[in-house]
Amino acid sequence: MNEILRQALKRLVQYLLKLGMLQLTVLFVTVAVLFSMAIVLVIDLSWDGRLNAELEFAGVVTPFFDALLIVGLLAALLRELRKEAARRKVAEDSMRELNEELEAKVQTRTGQLLAAQEELVRKEKLALLGQVADTVGHELRNPLGVINNAAYFLQTVLADADGTVREYLDIIKDETANAERIVSDLLDAVRTKQPHQAVVDVADVIGQTLRKCDIPASISVKLDIPKTLPVVRVDPMHLYQVFWNLVTNAVEAMPEGGTLEIRAAEEPQVLRISIKDSGSGITPEQMDKLFQPLFTTKVRRVGLGLVVVKNLTQANGGSVEVESEPGKGSVFTITLPSGS
């Protein structure tokens with residue numbers, strides 16, 4: 001019962017708070033006059049009409065002035081209630097803004113911590129690789145060089161050999177080149193050499209890369225490289241390695257064929273080169289680990305190619321970004337400083 005009365009009183013106060021001064025006055029005066037008229041009428045009937053006109057007039061007019069006094073008091077009370085409600089609303093708005101600002105800061109800090117953690121993991125892996133890269137890399141390069149020379153010698157002296165022999169010699173040379181590339185990636189991933197910068201035409205390096213990459217006929221290549229593209233000042237070998245890794249990855253992402261698009265564009269103070277494939281794309285889970293050493297989704301890869309891309313690009317003052325959606329391909333974009 002008390003709860004019902006409390007709710008009813010609360011609703012009444014809320015209703016009164018919405019009324020203006022004139023509406024409030026009319027409401028209370030009307031109620032007071034009707035109430036007093038009802039009382040006077042009841043008394044007059046009870047006294048068999050003996051109540052004179054003066055008393056009836058006083059009985060009606062007196063509550064009218066009393067109602068005006070009550071209205072004034074209520075108006076003052078409602079004004080204070082409205083001020084308090086406005087103060088509470090301002091406080092609630094301020095608190096909500098503070099909460100939203102705090103949530104945004106927490107999300108930003110969380111992102112920064114995750115990025116720092118990923119970078120720490122990346123550096124730990126690079127440090128681990130660095131411990132073995134110097135010895136293993138150099139120890140492997142010597143016998144690989146010997147194998148490559150021996151295969152070349154055999155191809156020379158066995159020029160008249162049957163097709164099977166020549167096929168196996170080609171296999172030896174291809175696998176030796178593949179092993180040398182892995183060793184080079186390993187060394188480049190853990191110890192990026194100081195770039196020897198020179199004036200470079202990006203279109204020439206892209207053309208050189210496409211000539212040396214093994215691109216199947218099932219993949220069509222589209223180039224959008226303006227002739228007015230300015231030169232950049234970078235290490236040409238580094239840039240070639242970056243393009244070679246990205247083009248090779250794009251080709252391997254399209255085993256059933258597709259389209260390889262290479263675009264270049266000049267923007268204020270930078271040059272952006274994007275390499276896009278129409279392959280299977282990259283999942284969000286893979287995207288987070290994409291530039292970490294030893295992360296790969298391919299059977300015959302060790303996960304160093306994109307590490308090399310990132311290290312060499314950053315060593316030349318640039319950056320690398322990737323956009324991808326599963327089933328819709330990927331776009332790797334290299335940004336290099338221009339105007340050098």
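L210 is placed in helix α5, which spans residues 202-212. Helices here are DSSP runs of H or I with at least four residues, strands are runs of E with at least two, and both are numbered from the N terminus. Because its relative accessibility is 18%, L210 counts as buried; the term buried stands for under 20% relative accessible area, exposed for over 50%, and partly exposed for what lies in between, with a 1.4 Å probe and protein chains only. R96 lies 114 residues from L210 along the chain, and the C-alpha atoms of the two are separated by 56 Å.

The model is predicted, so to speak of local features requires a pLDDT of at least 70 and side-chain atom pairs count only at pLDDT 80 or more, whereas totals for chains, interfaces and linings use all residues. Residues are numbered from 1 along each chain as its sequence is written, and side-chain values use heavy atoms, with hydrogens and water left out.

Helix α3 covers residues 53-157 and contains E100. E100 counts as partly exposed because its relative accessibility is 48%. Between E100 and Q194 there are 94 residues in sequence and 46 Å in space, C-alpha to C-alpha. An unreviewed UniProt entry places the feature "coiled-coil region" at residues 74-119; UniProt positions are given in the numbering used here, feature names are shortened, and annotations may be inferred rather than shown by experiment. In the model, residues 74-119 are 100% helix and 0% strand, with the end C-alpha atoms 67 Å apart. The unreviewed UniProt entry also places the feature "transmembrane region" at residues 21-43 and 55-78. Residues 21-43 are 100% helix and 0% strand as well, and their end C-alpha atoms are 33 Å apart.

The strands may be considered next. Strand β7, residues 330-337, is mostly covered, with 6 of its 8 residues buried. Strand β5 (residues 270-277) runs antiparallel to β7 and is joined to β7 by 8 bridges; two strands pair if DSSP finds at least two bridges between them. A hairpin is formed by β6 and β7, with 5 residues between them, and G327 in the turn has a positive phi of about 85 degrees.

Backbone angles deserve a further remark. Most residues other than glycine have a negative phi. Q269 has a positive phi of about 70 degrees although it is not a glycine. Q269 belongs to the loop between β4 (258-267) and β5, and Q269 counts as exposed because its relative accessibility is 67%.

Helix α8 is mostly covered, since 9 of its 11 residues are buried. Among the buried residues of α8 are G305, K310, N311 and L312. After α8 comes G317, whose phi is positive, near 80 degrees.

Where is empty space left inside the protein? Rolling a probe the size of a water molecule over the atoms shows this. The structure holds 1 cavity of 30 Å³ or more. A cavity is a set of points, on a 1 Å grid over the protein atoms alone, where a 1.4 Å probe fits but cannot get out, and lining residues have an atom within 4 Å of a point. The largest cavity contains about 50 Å³ of space; grid points are joined across faces, edges and corners, and a volume is the space filled by probe spheres set on the points. Its lining includes H238, L239, V242, L312 and I334. At least two lining residues come from each of α6 (236-252), α8 (305-315) and β7, and α6 gives the most, with 3 residues.

Finally, K212 lies over the face of Y240, at 5.5 Å from the ring centre. A charge sits over a ring if NZ of Lys or CZ of Arg is within 6 Å of the ring centre and within 35 degrees of the ring normal.

How values were computed
1 Å grid on protein atoms, 1.4 Å probe; cavity = no way out; pocket = protein on both sides within 12 Å on 5 of 7 lines; lining within 4 Å.
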